[in-house]
Amino acid sequence: MFLELVIVMRIFSLSSSSSYGNAYVVWEDSKRPLLIDCGLSLRQLVNALTEIGLSPEDIAAIFVTHEHSDHVRAMCLKTPFAQKFNIPVFASFGFWKWFQARHPGCLDPCLVHCIEDQQRVEISGYTVHGFLKPHDANEPMGYRIDGVSSSVGFAMDLGYVPPSVKNLLRGIEYLVFEANHDVEMEINSGRPRFLIQRVMGKFGHLSNDDAADALSRLVTPYTKQVILSHLSIDCNCPEIAERVVGDKLKACGYKPDIKVAPARGVSGFGA
Ligand SMILES: [Zn+2]
Ligand SMILES: [Zn+2]
């Protein structure tokens, strides 16, 4: 009798919003986990990792998407999270230029790693594929992480989804994908006009409708789960985002498991 060893991909959202920060963990059995963004306070981040049974030393590497504080809070300290726990950090050249100007000498150069558009990095048994995305930041990146069992794509904080990103993420098993706002709620939010224009612009954030349109091209019968992320607290709600995306995918003949990452607090996805 054979005992089949089933390897699974676990995905944790530690927090997912501009209000409370963004950090996600990808963790495939028997490997060390990867951290995508670290937009929490040091204490919140350590506590969230503890909640999923990890200590900071377990993290093999951090992949930073861009410099907005809701993605890098724990990096912007006198002793950044990565420095305190000796964790290598991958980000674009544009991010590092920004970081070195604002936090010079805070991070040991041996922990600093550049990843470029369409570059693949092999680390800890994963292949991480970086891609540039349209957002108002310094060379903002998204990531696709390939494990042995499956692949996970991270695309949040982007104004639209270019063909190169669609090609890279189409048909993979797990998509952590931005559904930032409901267009009507955003327009009627009472926010300053410039802010509304920024959010809804080409270098802002994906609306529920944008996410639904893009996902209708990314999802295939191989897609196991879509995890809607980075929802606006004031201009969206999980039920609306899930319905808009679910209806569109259903109309295209797809019925993947659709989940919503909560704005704050730890939540587990994947297998
Ligand atoms: Zn953000
Ligand atoms: Zn951003």
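This is a predicted model: local features need pLDDT of at least 70, side-chain atom pairs count only at pLDDT 80 or more; totals for chains, interfaces and linings use all residues.
User: Which residues of H9 are buried?

Analyst: In H9, they are Ala241, Val244, Val245 and Leu249. These residues span an arc of only 120° around the axis, so they sit on the same side of H9. The face turned away from that buried side carries the exposed residues Glu239, Asp247, Lys250 and Ala251.

User: How many residues does H9 have, and what span is expected for it?

Analyst: H9 has 14 residues and reaches 20 Å from its first C-alpha to its last, close to the 20 Å expected at 1.5 Å a residue. After H9 comes glycine 253, with a positive phi near 90°.

User: Now the neighbouring helix, please. What covers the buried residues of H8?

Analyst: The cover includes helix H5 (163-169), strand S11 (174-178), strand S12 (225-229) and helix H9 (238-251). Helix H8 itself spans residues 208-218, and its buried residues are Asn208, Asp210, Ala211, Ala212, Ala214, Leu215 and Leu218.

User: What is a general idea for reading buried nonpolar residues?

Analyst: In soluble globular proteins, nonpolar side chains tend to be buried together. In this model, the largest nonpolar core has 75 residues, and Leu228 and Val245 have the most contacts inside it. Leucine 228 touches, among others, Phe177, Ala211, Ala241, Val245 and Ile258, when residues up to four places away in sequence are not counted.

User: Let's move on to sheets. How do strands of a sheet pair?

Analyst: They pair through backbone hydrogen bonds, either parallel or antiparallel. One open sheet here has 7 strands in the order S7-S8-S9-S10-S11-S12-S13, with mixed pairing. Its edge strands are S7 and S13, each pairing on one side only. On average, neighbouring strands of this sheet are turned by 20° against each other, direction ignored.

User: Which strand runs parallel to S11, joined to it by 4 bridges?

Analyst: That is strand S10 (residues 151-155). Within this pair, glycine 153 stands opposite leucine 175 in S11. H8 packs on the sheet, touching S11 and S12, and its direction makes about 160° with that of S11. H9 lies across S12 and S13 and runs at about 155° to S13.

User: Where is an antiparallel pair?

Analyst: Look at strand S7 (residues 120-123) and strand S8 (residues 126-132), which run antiparallel and are joined by 4 bridges. Isoleucine 123 stands opposite tyrosine 126 in S8. The two strands form a hairpin with 2 residues between them, and serine 124 in the turn has a positive phi of about 55°.

User: What is the order of the strands in the open sheet that contains S1?

Analyst: The order is S6-S5-S4-S3-S2-S1-S14, which makes 7 strands with mixed pairing. Strand S6 (112-114) and strand S14 (264-270) stand at the edges with a single partner strand each, so each has one side left without a neighbour in the sheet.

User: How many residues of S1 are buried, and what does S1 pair with?

Analyst: Strand S1 (residues 9-17) is mostly covered, with 8 of its 9 residues buried. S1 runs antiparallel to strand S2 (residues 21-28), joined by 8 bridges, and a hairpin of 3 residues links the two. Serine 17 stands opposite glycine 21 in S2. S1 also runs antiparallel to S14, through 5 bridges, and serine 13 has serine 267 as its bridge partner there.

User: Which strand runs parallel to S3?

Analyst: Strand S4 (residues 61-63) runs parallel to strand S3 (residues 34-36), and 3 bridges join them. The bridge partner of leucine 34 in S4 is alanine 61.

Conventions
Residues are numbered from 1 along each chain as its sequence is written. Chains are lettered from A and ligands numbered from 1 in the order in which they are written. Two strands pair if DSSP finds at least two bridges between them. A residue is buried if 20 or more other C-beta atoms lie within 10 Å of its own, exposed if 12 or fewer, and partly exposed in between; C-beta atoms are placed from the backbone. Two residues are in contact if their C-beta atoms, placed from the backbone, lie within 7 Å. The expected span of a helix is 1.5 Å times one less than its number of residues. The arc is that of the directions from the helix axis to the C-beta atoms. Axes are lines fitted to C-alpha atoms, for helices over the stretch in contact, and angles run from 0 to 180 degrees between N-to-C directions. A nonpolar core is a set of buried Ala, Val, Leu, Ile, Met, Phe, Trp, Tyr and Cys residues joined through C-beta atoms within 7 Å.
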